[in-house]
Amino acid sequence: MDPVAVPVEQGLALAAILFSIGLTGVMVRRNIIIILMSVEVMLNACALAFIVAGAKWGEADGQIMFMLILSVAAAEVAVGLGLLLQINRRVGSIDIDETSRLRG
Amino acid sequence: MSDQQLVAILPHILLSALILIQMMVIAFARNLVTTVVISIIALVLTGLAFIPVHSLIPIVVTPLIVLDGYAIFYSGLILMSATAVTLMAYDYFKDREERQDEFFMLLLLATLGALILVCSSHFASLILGLELLGVSLYTMISYPRKGLLTLEAALKYLILSGVSSTFILFGAALIYAISGSLGFAELATIGSAENGTGELFLTAGSALIFGGIMFKLSLTPFHMWTPDVYEGAPAPVTAFVATVSKGAIFAISLRLFTSSGLIETSSILTGLSIVAILSMLAGNLLALKQDNVKRILAYSSIAHLGYLMVAFIAAGMVGGGMVGGKVLAFEASSYFLFAYFITTLGAFGVVTIVSLRDHEKDAGDISNYEGLFWHRPLLAIMFTLTLLSLAGIPLTVGFIGKFYIFTAGVTTTLWLLLLTVIAGSGIGLFYYLRIIFAMTKRTDASVSEIEIPLAGGCAVAAISAAMLLFGIYPAPVINLINNLIA
């Protein structure tokens, strides 16, 4: 059975929707864990866009970028969660407004 | 990979190996002086390894990396600043923390990221360098264990830097979807040939990349994180963020936009001009009402990146190959960045030295500097010199930098931008002089307790000397830039 190819436009549209959901999450939510999750959603949206684009050209480049993004996201979230633990220990809250001391 | 290519990336291989060695030394024999000495040796050796590369340039090493004069010049700048920051950080951390050694390893890792960034010619190496630099920086900002400000600054930087990376990545994905290539040079061939959906993707992609880069360079309207991060981060790390991180990202964005031809799109140029004008005005105006020296320097850096964008736009106006006006624009941005690097390092070097006596928080408030002239005249003179150079007063390196920007703007007739440069410099003088006046106040303030440390003191003195020397006699640097870039 032939695999049915997903059209590039639809794949990229899905990625764009995921990207917007992530961006909205970063801007709207106040809980630091949710913000980090939203950044992760944005990174994965980029990864999906690369996979779709790579499939269009029939190249492995898109999938390699996917793996690169995966490792980058892991490193970023590891540091982010480390900071989160420290903040929670010192402030007793992970709400970004309550932790804020700098003027912005 | 041929022998020549191996020699060309020897600096990067060497630095990576030395980072591993340093990690082992820290694991088995923890000693701050040894760690710092290894750091300095690593930076110097990496710098020396660029000498044999010079005879090979320009050389392409795999599709990911290209080493040319441009990359070598910025690598040299980055290594120089990293050395200065290492010396400052040694003074800063030696009495402050229990475990300071890993900081110097992170600093080397961030430097490696910046070095990869300036010679990358492909989106994969761009992301690799960007994240190596970024992830090390988050940890460096939050390194001091006391106080909440550092944690908050690190978290803000992490979230905003992460979001801006996703912008760059999504833009790259869109461009890849229509061009089928991730290398910068290959993009130039497809740039204008597309129409319909292709053109939409191209515009959206370059706008996203452009937005992400504006975030990273803290250009208005994406500058909000800068003052907070500058204030919260330890002073030596602030110096690193302001110089190495921004300089490397500027270098790669200039390479990306000029070699791919994306910059020649008129909508991008208009956007860039608006952003440059806004940054110059907002940076200078918002600095007026600050009372914190680190925040003033943050807003001043926003304005300086605005000035730098004038040269960026000039490079885009000329278009085509490396001829006349384009060479001038590259020369101008390189000299301006050189001036900005040493001036900023000098300013944060002084802030670091003044911060040494209080282990709880950095000397941000302007009152910490009152009476400095009467109690520590040398330090005050060096700080005055850096502030005058930031303001662009003649006989300092900052003046030559600004003059170059001006020349690049005049040859491409960017009058509106140049008017804003003048207005911005005028406003800037006010808040720089405010710090200088504070230093001349006669008070019995505690500044007399300040002790000038050996390592940081030498670094700041050398930087101040360079600032004067290259302000009066800029020819050596100009010749170097001409040899490497033109």
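Author: The axis of a helix is here a line fitted to its C-alpha atoms over the stretch in contact, and the angle between two axes is taken between their N-to-C directions, on a scale from 0 to 180 degrees. What follows describes a predicted model.

The part to look at is made of helix α17 of chain B, which covers residues 397–411, and helix α18 of chain B, which covers residues 415–440; their axes come within 9 Å and cross at roughly 160°. Since angles over 145 degrees count as roughly antiparallel, α17(B) is therefore roughly antiparallel to α18(B). The crossing of these two helices is left-handed. On the side of α17(B), the contact is made by B:K402, B:F406, B:G409 and B:V410, while α18(B) brings B:W415, B:L418, B:V421, B:I422 and B:S425 to it. Sorted by class, the residues of this contact are six nonpolar, two polar and one charged.

Between α17 and α18 of chain B runs a loop, and B:T413 lies in it. The backbone deserves attention there, for phi of B:T413 is near 50°, a positive value in a residue other than glycine. With a relative accessibility of 48%, B:T413 counts as partly exposed, because that class lies between the limits of 20% and 50%.

Helix α10 of chain B (residues 225–232) packs against helix α13 of chain B (residues 293–318) at an angle of about 140°, with the axes 8 Å apart, which makes α10(B) oblique to α13(B). The crossing of α10(B) and α13(B) is right-handed. In this contact, B:T226, B:P227, B:D228, B:Y230 and B:E231 of α10(B) meet B:K294, B:R295, B:L297, B:A298, B:Y299, B:S301 and B:I302 of α13(B), and by class the contact holds six nonpolar, two polar and four charged residues.

The loop between α9 (197–216) and α10 of chain B holds B:P221, and the peptide bond that leads from B:T220 to B:P221 is cis, with omega near 0°. A cis peptide bond also joins B:I57 and B:P58, with omega about -10°, and B:P58 is found in the loop between α3 and β1 (59–61) of chain B. The loop between β1 and β2 (65–67) of chain B is the place of B:T62, a residue with a positive phi of about 55° although it is not a glycine. At 36% relative accessibility, B:T62 counts as partly exposed.

Burial can be followed in helices elsewhere in the chain. B:T35, in helix α3 (residues 32–54) of chain B, has a relative accessible area of 1% and is therefore buried. Leaving aside residues up to four places away in sequence, B:T35 touches B:Q22, B:I26, B:D101 and B:F104. Helix α6 of chain B, at residues 123–141, is mostly covered, with 16 of its 19 residues buried. From its first C-alpha to its last, α6(B) reaches 26 Å, close to the 27 Å expected at 1.5 Å a residue.

How values were computed:
Residues numbered from 1 in each chain as written. Chains lettered and ligands numbered in written order. Predicted model: local features only at pLDDT ≥ 70, side-chain atom pairs only at ≥ 80, totals over all residues. Heavy atoms only, no water. Helix = DSSP H or I, 4+ residues; strand = E, 2+ residues; numbered from the N terminus. Expected span 1.5 Å × (residues − 1). Buried < 20%, exposed > 50% of the residue type's maximum accessible area, 1.4 Å probe, protein only. Parallel < 35°, antiparallel > 145°, perpendicular 65-115°, else oblique. Left-handed = near helix turned anticlockwise from the far one by under 90°. Contact = heavy atoms within 4.5 Å. Nonpolar A, V, L, I, M, F, W, Y, C, P; charged D, E, K, R; others polar.
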